[in-house]
Amino acid sequence: MAVLDQFLSSILGFLKAKDAVQLQSFLQVEPPLPAEYLQLSQELRSTWSDGKKLEKHIERLLPFNDDDKADEGGAWPGFLAFIQEYLEFWKDADFDDLVSTHVKLSALIVSCNTAMSNATYGSVMLPTSIRLCSSLARLAIMLDKRPDLTRRMVEVKDVDQGEKKTLVESTAETIQRAFTLCLNERTTSRNGIGRDGKPEGKKIGIYSFANMVLKLLFKSRKTSLAKQLFTNIVAASPPLGLYPAAQRVTYLYYLGRYHFATGHFYYAQQCLQSAYDQCHNQCIKQRRTILIYLVSANLILGRLPSQAFAGRPESDILDKFLPIANAIRKGNMPAFKRALGPESGNERWFFEHGILLQLQSRCEVMVWRSLARRVFLLTYSFPWDPESKKAPTLSLDDVVAAFQFCQKVLEGWQKPVDPHAFMQSGRTHANSLFMKAPDLVPPSQGPKSLLIGRGMIFGNKMPELTDVEPIIASLIQQGLLHGFISHTQGKFAIIGAKQKGGPLQAGFPPVWEVLQDRAFSENRVAECPGWVQREKNLGMGGVVNLTGARPAGENS
């Protein structure tokens with residue numbers, strides 16, 4: 001028997017048995033491959049060069065199923081068109097030509113989606129579609145690294161605006177059609193959940209396709225296009241918890257990255273923490289990837305990494321974040337600028353992972369808060385009378401002095417050499433306690449020229465009271481400082497020191513507690529956008545069983 005006849009005979013057997021797994025394993029498209037596929041390719045080139053002749057041969061070996069035998073498996077027109085497209089793919093297969101392979105595989109997936117759209121038999125094509133789309137996604141990512149091959153494949157997306165879409169973006173659109181097909185399937189069960197409590201029909205593939213699309217969108221830096229995908233999932237998807245752990249972890253990782261990129265760090269922390277907790281302990285690479293964005297989100301929310309966490313295998317990346325955390329804890333602005341600047345050697349790494357700008361802009365606010373807290377600790381004198389009703393205060397002039405000191409350090413100012421210590425070989429002078437500490441001196445070559453974001457305020461601008469006072473007011477408005485500014489006295493006054501156990505607890509509340517309380521007050525804890533956690537009630541667009549319903553107007 002010819003190789004093609006054996007191939008089609010096996011396909012018919014899988015259709016009759018409705019064996020989707022065997023069908024998926026039989027319809028392979030990427031190497032390494034058994035020798036039978038190479039023989040099939042050679043036979044198609046030598047014997048079946050005529051497409052019409054091949055079409056009639058397929059119809060003869062894969063007959064349609066009768067309508068009265070819908071419970072039995074069989075072929076249908078869309079499937080025959082897909083099989084012909086599949087055989088045409090193998091007839092012209094040339095895996096050395098990656099661009100041509102991508103074009104043919106994209107056309108094959110379009111035909112596969114058409115076959116899968118059949119309401120009666122289409123579900124048997126779901127595993128095959130997932131496998132083909134996965135192969136296409138890997139090929140697109142491979143070609144994305146070869147601009148010399150893809151330069152001629154760029155398509156015009158909007159002629160009026162001249163906007164173009166990349167190969168990766170067009171691949172994501174192709175796979176998203178399969179995702180939409182699965183999401184919008186009308187099932188007889190409520191919300192696509194079977195009697196066994198698991199998704200049924202094509203809804204099984206929702207998150208498989210969604211994760212492929214999200215991976216390609218993030219690869220092409222088109223994260224804004226993911227918004228509609230998340231909206232559609234919330235509207236029509238079964239709960240995420242009903243799907244396999246691998247799909248859950250991958251989806252929550254990309255959802256967390258999306259919220260991180262759009263500035264919703266509390267949502268990002270929820271998704272990434274859940275993804276990290278559900279990821280298997282042996283998946284070190286995946287846990288490390290999740291941890292990059294989880295640690296970043298936690299830093300922005302005021303949660304600093306602990307020493308106990310540093311003992312995990314995947315926590316080696318914490319070395320890049322610890323200088324930032326230490327600078328936030330101590331209010332050390334020069335150290336913070338260095339930790340995110342080129343001096344640290346990590347600036348490029350932060351930028352490539354898409355977290356540099358968020359860390360620079362959001363964490364700087366917490367360094368301001370810690371610096372103000374540190375100045376308060378150095379300058380405040382606790383009253384002798386425990387019954388004193390005078391509010392604890394922080395002089396804004398002292399804060400200005402601290403800001404100016406940090407600005408000088410950033411510009412390269414240094415402490416002068418102590419001549420007394422030099423003459424005594426580094427030993428402390430006997431009267432050092434009564435001697436005035438030398439002030440900073442400018443560098444001999446002049447102060448460093450700082451970029452806009454590298455100074456305390458704006459480049460080399462020396463901070464003044466008019467600069468520091470709005471910063472303190474902003475911290476108060478955000479809830480990171482608790483009190484008010486007395487403009488006449490030039491001080492920040494703390495409210496409720498006695499009720500809350502002291503001026504530090506009252507005036508400088510923990511950042512994480514402040515942001516968490518705000519999330520509770522804004523009702524952002526119950527449901528995370530894009531994450532279906534509970535089964536929804538049946539609404540518009542579902543299938544309703546009206547068996548036993550009485551005609552309108554008939555009384556019981």
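Just after helix H19, Gly 412 adopts a positive phi of about 100°. The model is predicted. Helix H19 covers residues 396-410. At 1.5 Å a residue, its 15 residues should span 21 Å, and the end C-alpha atoms are 21 Å apart, so the two values agree. The N-terminal end of H19 is capped by Ser 395. A side-chain oxygen of Ser 395 lies 3.3 Å from the backbone nitrogen of Asp 397.

The buried residues of H19 are Leu 396, Val 399, Val 400, Ala 402, Phe 403, Cys 406, Gln 407, Lys 408 and Leu 410. An α-helix has 3.6 residues a turn, so residues three or four places apart point the same way. The cover over the buried residues of H19 includes helices H16 (333-339), H18 (356-379) and H21 (465-477). Strands E3 (393-395), E4 (483-486) and E5 (491-494) are also among the covering elements.

Cys 406 of H19 has a relative accessible area of 8% and is buried. Cys 133 is buried as well, with a relative accessible area of 0%. The structure holds zero disulfides. For Cys 133, the closest cysteine sulfur belongs to Cys 112. The two sulfurs are 7.0 Å apart, too far for a bond; a disulfide requires sulfur atoms within 2.5 Å.

Gly 74 sits in the loop between helix H4 (51-61) and helix H5 (77-91). Gly 74 is buried, with a relative accessible area of 3%. Neighbours within four places in sequence aside, Gly 74 contacts Leu 15, Asn 65 and Tyr 121. Ile 11 is 63 residues from Gly 74 along the chain, and their C-alpha atoms are separated by 9.7 Å.

Note on methods
Residues are numbered from 1 along each chain as its sequence is written. This is a predicted model: local features need pLDDT of at least 70, side-chain atom pairs count only at pLDDT 80 or more; totals for chains, interfaces and linings use all residues. Side-chain values use heavy atoms; hydrogens and water are left out. Helices (H or I, at least four residues) and strands (E, at least two) are DSSP runs, numbered from the N terminus. The expected span of a helix is 1.5 Å times one less than its number of residues. Buried means under 20% relative accessible area, exposed over 50%, partly exposed in between (1.4 Å probe, protein chains only). Contact means heavy atoms within 4.5 Å. A polar contact is a pair of N or O atoms within 3.5 Å; within protein, one must be able to donate a hydrogen and the other to accept it, and residues adjacent in sequence count only if both atoms are side-chain atoms.
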